[in-house]
Amino acid sequence: MALVRYLKPEHIYIHCPLETKDGVLEWLSMVVAESGIGIPQESLREKLFEREQTMSTGIGNAVGVPHALVEGIKGLHAYVVTLEKPIPFDAVDREPVIVVIGLFGDPDTPNLSLGALATLGRILRDERFVQSLWKARTKEEVHRLLSEKEEKKES
Amino acid sequence: MWLLVYILNGDRYLTEVLEELLEIGVTGASILDSVGMLHFLSQEIPIFAGFRSILKGTKPYNKIVISVIGDEQRLEQALATIDRTVGGIANGKRGILFSLPLEHLISPETKPLPG
């Protein structure tokens, strides 16, 4: 599926000076709440931490994909955060994380989130691609890289 | 000639379904164990682990009943029987039921192929 359709350029954050996994989740819940998604930060935060308790969203390859299905969210919303430096994320491969992609969806349409997670799982398996995301200097560059990666699959 | 396929979550109703099929003359079927895609992904692939909560209350395995049915009337009867036995497939999480037309069948009960 076309993930970039759910990613607004203003929801891309470059080289954020976050230092811990909890700090990332806390900060992400704050920026998502402030982005006008219509859900209070506390609800988002709670769902993100609840999901991490099931299993870490550090899926390996230096990527974290914290996500949550929250009552009241319409559709699907993606947020991309590149980190200033690698941070521990309890990842499945025990390696630190440099890129975080947050997904927030409607629990009534879980298939949308499933499709998006599958797309992310596929494109983020490419180690060089993750490095290129991390090294990107602008939001536009991150958006373009993701779009191009998705288009390669489509073609 | 048709292939009847009933994918049932868990094994509740399985015995009843098989007994009812026998009663209407469907005397041959195979029962396969399977697992649903979302169950598999949520258990095996970390990125999908969050979907475990959606699956709460469902069984982690399915039973698949497959049967070759020769005549259309019996097929219709079998479909209706299964649906009634499980209390209406459309009404709840009782699995999915479908049939497929079969082009070829080779079995001990069929005539050998020519040549």
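In chain A, helix α1(A) meets helix α2(A) through A:L25, A:E26, A:L28, A:S29, A:M30, A:V32 and A:A33 on the α1(A) side, and through A:Q41, A:L44, A:R45, A:L48 and A:F49 on the α2(A) side. By class, this contact comprises eight nonpolar, two polar and two charged residues. The model is a predicted one. The points below treat this helix pair, the contact between the chains, and the strands of each chain.

**Helix packing in chain A**

- Two packed helices are described by the angle between their axes and the distance between the axes.
- For helix α1 (residues 21-34) of chain A and α2(A), the axes come within 8 Å of each other and cross at roughly 140°.
- That angle makes α1(A) oblique to α2(A), since only angles over 145 degrees count as roughly antiparallel.
- The crossing of α1(A) and α2(A) is right-handed.

**Contact between the chains**

- Contacts between the two chains involve 13 residues of chain A and eight residues of chain B.
- On the side of chain A that touches chain B, the elements giving two or more residues are α2 (41-54) and α3 (110-123) of chain A.
- Of the elements of chain A, α3(A) gives the most to this side, with four residues.
- By class, the side of chain A that touches chain B has seven nonpolar residues, five polar residues and one charged residue.

**Strand pairing in chain A**

- Strand β1 (residues 7-16) of chain A pairs with strand β5 (residues 76-87) of chain A in the parallel sense, over four bridges.
- A:I12 stands opposite A:V80 in β5(A).
- β5(A) also pairs with strand β6 (residues 97-105) of chain A, in the antiparallel sense and over eight bridges.
- A:A78 stands opposite A:L103 in β6(A).

**The sheet of chain B**

- Chain B holds an open sheet of four strands in the order β2-β3-β1-β4, with antiparallel pairing.
- The edges are formed by β2 (30-34) and β4 (96-101) of chain B; each has a single partner strand, so one side of each is left without a neighbour in the sheet.
- From one strand to the next, the twist averages 20°.
- Strand β1 (residues 2-9) of chain B and strand β3 (residues 62-69) of chain B are joined in the antiparallel sense over eight bridges.
- Within this pairing, B:V5 stands opposite B:I66 in β3(B), and B:L4 stands opposite B:S67 in β3(B).
- β2(B) and β3(B) run antiparallel and are joined by five bridges.
- B:L32 stands opposite B:I64 in β3(B).

**The helix on the sheet of chain B**

- Helix α3 (residues 72-85) of chain B packs on the sheet, where it touches β1, β3 and β4 of chain B.
- The direction of α3(B) makes about 170° with that of β4(B).
- With 14 residues, α3(B) reaches 20 Å from its first C-alpha to its last, close to the 20 Å expected at 1.5 Å a residue.
- Just after α3(B), B:G87 takes a positive phi of about 85°.

Conventions. Residues numbered from 1 in each chain as written. Chains lettered and ligands numbered in written order. Predicted model: local features only at pLDDT ≥ 70, side-chain atom pairs only at ≥ 80, totals over all residues. Contact = placed C-beta atoms within 7 Å. Nonpolar A, V, L, I, M, F, W, Y, C, P; charged D, E, K, R; others polar. Axes fitted to C-alpha atoms, helices over the stretch in contact; angles between N-to-C directions. Parallel < 35°, antiparallel > 145°, perpendicular 65-115°, else oblique. Left-handed = near helix turned anticlockwise from the far one by under 90°. Pairing = 2+ DSSP bridges. Expected span 1.5 Å × (residues − 1).
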